[in-house]
Amino acid sequence: AQPTPPGEMAALPSPGRPLPIDKATPISFAVGSSSLADDAQRTLTGIAGALAADPDLRLQIVAYASGTDENASQARRLSLSRALAVRAFLIDRGVRSTRMDVRALGNKFEGGPGDRVDLVLAKP
């Protein structure tokens with residue numbers, strides 16, 4: 001796994017401060033992989049804590065994977081695998097699946113790296 005670039009974790013506040021609402025917190029994946037890196041697991045642990053602390057919060061998991069138009073189907077499957085890995089990690093930490101929405105968009109992304117999952121906390 002590649003080290004997290006400086007500022008990558010900037011979306012996560014210091015302990016005791018609330019996580020951002022309606023703002024994407026990205027987690028990166030290695031090209032072609034759906035395995036969660038240590039940095040991603042730390043970020044997800046913080047997200048699980050935020051969801052546990054506020055029962056009104058929901059989480060949108062929006063997953064992407066790099067790829068060309070010729071392999072768009074493969075990119076979509078990989079993005080779905082990433083989203084499901086994130087969802088499973090959070091379920092293992094007590095987050096109910098009914099509080100999470102999953103979107104696998106494959107190679108349909110603008111800006112930012114293609115091999116990522118964006119996590120968006122929102123209040124209904």
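Arginine 93 lies over the face of phenylalanine 89, 3.5 Å from the ring centre; a charge counts as over a ring if NZ of Lys or CZ of Arg is within 6 Å of the ring centre and within 35 degrees of the ring normal. The model is predicted, with local features needing pLDDT of at least 70 and side-chain atom pairs counting only at pLDDT 80 or more, while totals for chains, interfaces and linings use all residues. Residues are numbered from 1 along each chain as its sequence is written, and side-chain values use heavy atoms, without hydrogens and water.

The structure holds one aromatic pair (ring centres of Phe, Tyr or Trp, the last by its six-membered ring, within 6.5 Å; planes under 30 degrees apart are stacked, over 60 edge-to-face, the rest tilted). The rings of tyrosine 64 and phenylalanine 109 have centres 6.1 Å apart and planes at 75 degrees, so the pair is edge-to-face. Tyrosine 64 is in the loop between β2 and α2 and phenylalanine 109 in the loop between β3 (100-104) and β4, so the pair ties together parts 45 residues apart in sequence. Helices (H or I, at least four residues) and strands (E, at least two) are DSSP runs numbered from the N terminus.

| Residue | Relative accessible area | Class |
|---|---|---|
| Tyrosine 64 | 10% | buried |
| Phenylalanine 109 | 27% | partly exposed |

Buried means under 20% relative accessible area, exposed over 50% and partly exposed in between (1.4 Å probe, protein chains only).
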